[in-house]
Amino acid sequence: MATAALSFHHLSSPPAASEASGGAPPLKLSTAGTPPLKLPGGVCRRSGGVAAAAVKRSGFLTTIDRAIEEEEYRRARAEVQRKGVDVEGHLIEGISMSGHETCVVVPSLNAAFDIGRCPAKAVHQDFLFITHGHLDHIGGLPMYVATRGLYSLKPPTVFVPPCIKEDVEKLLDVHRAMSQDELKLDLVPLDVGETYEIRNDLVVRPFRTNHTIPSQGYVVYSVRNKLKKQYAHLKGTQIRKLKLSGAEITDVILYPEVAFTGDTTSDFILEPRNSDALRAKILITEATFLDDECNVEHARRHGHMHLSEIMEYAQWFRNKAILLTNFSSRYKIEDIREAVSKLQPKVSAKVTALTEGFRSTYT
Ligand SMILES: [Zn+2]
């Protein structure tokens, strides 16, 4: 088993020379959060321990230890290579760190929410939804448009709050003048409450959020046809006959699939017109602050949410899953995971944190 390239971050000494053979560069792994391995007899052992490494170097690895090492290697490698999180059947990728960069990509919707500094994966999404004009959310826009042009991808459709449309046009004009590039896009100012069809089975509507500057979130709905209630008692042949006669037998139902808030205070939760965001299958929202040092008041003052507010308003969330983003860069992956694990029992939705790009205690 070629465990040679494996370098567990929490080993106190570097791997022995014999372990670094094989030519491959050492793979730095974070195993934080990896569940303990179960040994026969129900005994648990934390993966990659120093003791195991010492035994390994001594050349006295037992068969079972070897099997465990291989399992650790597979798990740890999968953890490192995995990009994004699987949330309710959608593989969601992105990077979101308050003040630095926020871009959340949902390839199944062909969409990116905010563009951050334009991560590579976002370039391939045809639709971009911008929540507000802060640079950590919109800074990569010219690069997004330019890179799509470079790859000969079709001009993207970029949705913005109407109040920033003119400024976005000016910004792109400046880049057009400087780069002598066309920077083709379809720029759509979409206001709260308006609806736009992005696919024949998908529509989007912005909703109101509360930040230090004008902002809005977006709900993406799937469009479904449902048999009208008055025909529910009919048999298949009768329904077919009705349909052939030209009668309208279905109602169009909009089902909220994914909601994205961008930066906001918790006030958006209490806005009655935002109920679709709170019942979307997946809510992607923010929890910039986690601890007492930066409390709820601090979060509100800066137009953000504190994790404790999600607990406070837990009863309002009807979502199947909540993906938390925009954590402050003061926190480490372990701080975020620990804080979120305390939240989980209070909220019925499955809560996941987007921690891509954050530092670990072990790195
Ligand atoms: Zn902001």
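Here are some questions and answers on the strands of this predicted model.

Residues are numbered from 1 along each chain as its sequence is written. Because the model is predicted, local features need pLDDT of at least 70 and side-chain atom pairs count only at pLDDT 80 or more, while totals for chains, interfaces and linings use all residues.

User: How many bridges join S14 to S15?

Analyst: Strand S14 covers residues 216-227 and strand S15 covers residues 250-260. One of the bridge partners in S15 is Asp 251, which goes with Lys 226. The two strands run antiparallel, and the number of bridges is ten.

User: Which residue in the turn between S6 and S7 has a positive phi?

Analyst: S6 and strand S7 (residues 101-106) run antiparallel, joined by five bridges. Gly 94 stands opposite Val 104 in S7. The hairpin leaves three residues between the strands, and the turn residue with a positive phi of about 80° is Gly 99.

User: And in the hairpin of S5 and S6, which residue takes a positive phi?

Analyst: Strand S5 (residues 85-87) and strand S6 (residues 90-97) pair in the antiparallel sense over three bridges. Val 87 stands opposite His 90 in S6. Of the hairpin, with two residues between its strands, the residue with a positive phi near 50° is Glu 88.

Conventions: Two strands pair if DSSP finds at least two bridges between them. Helices (H or I, at least four residues) and strands (E, at least two) are DSSP runs, numbered from the N terminus.
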